[in-house]
Amino acid sequence: MATSVGRSPGRVNLIGEHTDYTGGLCLPLTIPYATTVTATGRADDAVSVTSSQQDAPWTGTLAMTGPGDAEGWAAYAVGVLWALGQAGWDLPGVDLAVDSTVPMGAGLSSSAALECAVAVAMAGLTGRPLTPELRRRLVSVCRRAESEVAGAPTGGLDQSAVLLSSPGAALLIDFEDGSVRDVPLPWDAAGLTLLVVDTQVSHTLTDGGYGARRDDCVRAAEMLGLPSLRRATLADLDRLDEPRLRTRVRHVVTENARVEDAVAAIGAQDWPSLGRLLNASHASLRDDYDVSCAELDLVVTTALEGGALGARMTGGGFGGSAIALVPTERVDAVRRAVDVAFVAAGFGPPRHLDAGPSGPADLV
Ligand code: GLA
């Protein structure tokens, strides 16, 4: 039987957090950790998913891959088969073998990496070349699998980042019109390193916190009479009676502006300005959007004390990872300081990871 191997990286978001589902701006980059899916076609309609990182395999049929059928980690894989079917693909039964170095529950898009690796492998198995047009369609397919089958109502940042990025660059995504643009990151030449610190405090986007933020944004946009919060301004805050909605909207409005400022700072190689924008993003997510936690805050303050130019939580929040832009000669000192601070605070040990940018999802 024919076999095809898809590989998809995880991602960090440099800036532009909790803006994707309100038509906003995001600036993610892929990381050098990836999920590989080997898809072997079958002559019947059976489906199996095995993973080197999971104890039990999932087995079923193509007809059992839709909403309400699969649960847990396997839903992210088989949900893609369902969503491809919904998009009109005629799929064979398939055995999917998964292996991954993307840490799970770390806010680094292990779910999108799994979805997109399955999607790419199935494109290969069915002989479809990965054109830019197909990549865009796979973003929608994987989003649909995640929201309708896995039950995580996410906004598209993760799937766009891993399918549409270019090597050596962050990806500016405008969720109002769907346009993307590469933003090259010349950090090596500037003597800078982007650190990723996984707090190892696990979060899941299928619990209430993420959906509640998203609902707040939808409600606020409705109250303001706007199609999405992308069109909101700080002047609109006075038109909202509920204090919580005012803070949520203030985060979204200021964060979109920070993404534009960050792209300008990167273009001008103005790294201190970029660092200040990362810090302001973290403060806004902590104070206005209320998605940080003690462990993420501690990484940020410790990294800054250790010489980082800027630091912030990255991804959905409620645990997960933080990033810090650090002069390369300070990398070891910052990592040690974070370890010491975690012991002193009585937290479990964090995990230190490298950031990219690496390349997008592709056939192996
Ligand atoms: C998660 C979601 C994304 C995005 C971020 C927050 O990673 O999957 O769609 O909303 O949170 O920026």
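Colleague: How many Å separate the centres of domain 1 and domain 2?
Modeller: The centres are 24 Å apart, taken over C-alpha atoms. Keep in mind that this is a predicted model.

Colleague: Which residues belong to which domain?
Modeller: The domain assignment gives 3-184 to domain 1 and 187-354 to domain 2.

Colleague: And how many residues does each domain bring to the contact?
Modeller: Domain 1 brings 39 residues. Domain 2 brings 44.

Colleague: What area is buried between them?
Modeller: About 3,200 Å². Carbon and sulfur atoms give 64% of that.

Colleague: Why quote an area at all?
Modeller: The size of an interface is often given as the accessible area lost when the parts come together.

Colleague: Which residues of domain 1 lose the most area to domain 2?
Modeller: Leu14, Ile15 and His18. Together they make up 21% of what that side buries.

Colleague: Which elements give two or more residues to the domain 1 side?
Modeller: Four strands: S1 (3-15), S2 (25-41), S6 (169-174) and S7 (179-184). S2 gives the largest share, with 7 residues.

Colleague: How does that side divide into nonpolar, polar and charged?
Modeller: On the side of domain 1 that touches domain 2, 21 residues are nonpolar, 12 are polar and 6 are charged.

Colleague: Now salt bridges. How many cross the interface of domain 1 and domain 2?
Modeller: The rule finds 3 there. For the model, the count comes to 20.

Colleague: Why do such pairs form?
Modeller: Side chains of opposite charge can pair when their charged atoms come close.

Colleague: Which residue does Arg231 pair with?
Modeller: Glu176. Their closest N and O atoms are 2.6 Å apart.

Colleague: And Arg42?
Modeller: Arg42 meets Asp95 in a salt bridge, at 3.0 Å from N to O. That pair links distant parts of the chain, 53 residues apart. Arg42 sits in the loop between S2 and strand S3 (46-51), while Asp95 is in strand S5.

Colleague: Switching to the ligand. How many residues surround it?
Modeller: There are 14. The closest are Glu17, His18, Asp20, Asp158 and Tyr210.

Colleague: How far is the side chain of Glu17 from an oxygen atom of the ligand?
Modeller: An N or O atom of that side chain is 2.6 Å from a ligand oxygen. For the side chain of Arg11, the distance is 2.9 Å. Gly316 uses a backbone N or O atom instead, 3.4 Å from a ligand oxygen.

Methods: Residues are numbered from 1 along each chain as its sequence is written. This is a predicted model: local features need pLDDT of at least 70, side-chain atom pairs count only at pLDDT 80 or more; totals for chains, interfaces and linings use all residues. Side-chain values use heavy atoms; hydrogens and water are left out. Domain bounds come from an automatic or database domain assignment. Contact means heavy atoms within 4.5 Å. Buried area is the accessible area (1.4 Å probe) that two parts lose on being put together, summed over both. A salt bridge is a side-chain nitrogen of Lys or Arg within 4 Å of a carboxyl oxygen of Asp or Glu. Ala, Val, Leu, Ile, Met, Phe, Trp, Tyr, Cys and Pro count as nonpolar, Asp, Glu, Lys and Arg as charged, and the others, Gly among them, as polar. A residue is near a molecule or strand if one of its heavy atoms lies within 4 Å of it. A polar contact is a pair of N or O atoms within 3.5 Å; within protein, one must be able to donate a hydrogen and the other to accept it, and residues adjacent in sequence count only if both atoms are side-chain atoms.
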